[in-house]
Amino acid sequence: MKTAIKTIGVIGLTILLIFVLTKNKEIRQYKINEQNHMESLDTLQLELDSLKMQLKKILHKVDSLPVPINVRATMYHPVEAQCDDSPLITADGSRIHPYQVSDWNWIAVSQDLLKKNGGIFEYGDSVYIRGTHKDGIYTIHDCMNKRKTFQIDILESIGTSQYKYDEIEIFALND
């Protein structure tokens, strides 16, 4: 009987030992999983911080984007009938070659758009034009007759066909 009790005790201790060892292994595995999980959380936090920085940069760029101004756009040739008595000299004093200016990307703006008249532009300012067949960067060299408002004129070489746009956008590129 004592032998049977000893055997049962040994079996019980063995089962208890196996149970403890199994639980120890489970606890170690849990700790490893927890550590991996924490490392994963740290990695996710770093990625999140990086994304936040990228978003801040994007938002800063969006905030600093120029605001569009809606205007009408026409084109003009450097001739007396469309300018004044000195059509080859712009309002800022620049000289024009009447057959080569189309590639120069020069424009005239209505006088209400000039700073001296309460607008935001000065001669020499660069603008981006969007909404025409010639979208791109242009430089302001000339102004239009006082009766024109919220309008630009794209300087074209003599012989270029007439065109106009009722609503385009211009963006100030200078600060």
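**View 1. Tyr128 and Phe171, a tilted ring pair.** Start with Tyr128, which counts as partly exposed because its relative accessibility is 30%. This is a predicted model, and it holds 3 aromatic pairs. In one of them, the ring centres of Tyr128 and Phe171 sit 6.3 Å apart with the planes at 45°, so this pair goes down as tilted. The two partners come from distant parts of the chain, 43 residues apart: Tyr128 belongs to strand S3, while Phe171 belongs to strand S6 (residues 164–172). Phe171 has a relative accessibility of 9%, so it counts as buried.

**View 2. Thr132, in the loop between strands S3 and S4.** Here we're looking at the stretch that runs between strand S3 (126–130) and strand S4 (136–143), where Thr132 is found. With 12% relative accessibility, Thr132 falls under the 20% cut-off, so it counts as buried. Its side chain reaches the backbone nitrogen of Lys134 at 2.9 Å. Leaving aside residues up to four places away in sequence, Thr132 touches Tyr165 and Ile168.

How values were computed
Residues are numbered from 1 along each chain as its sequence is written. This is a predicted model: local features need pLDDT of at least 70, side-chain atom pairs count only at pLDDT 80 or more; totals for chains, interfaces and linings use all residues. Side-chain values use heavy atoms; hydrogens and water are left out. Helices (H or I, at least four residues) and strands (E, at least two) are DSSP runs, numbered from the N terminus. Buried means under 20% relative accessible area, exposed over 50%, partly exposed in between (1.4 Å probe, protein chains only). A polar contact is a pair of N or O atoms within 3.5 Å; within protein, one must be able to donate a hydrogen and the other to accept it, and residues adjacent in sequence count only if both atoms are side-chain atoms. Contact means heavy atoms within 4.5 Å. Rings of Phe, Tyr and Trp (its six-membered ring) pair if their centres lie within 6.5 Å; planes under 30 degrees apart count as stacked, over 60 as edge-to-face and the rest as tilted.
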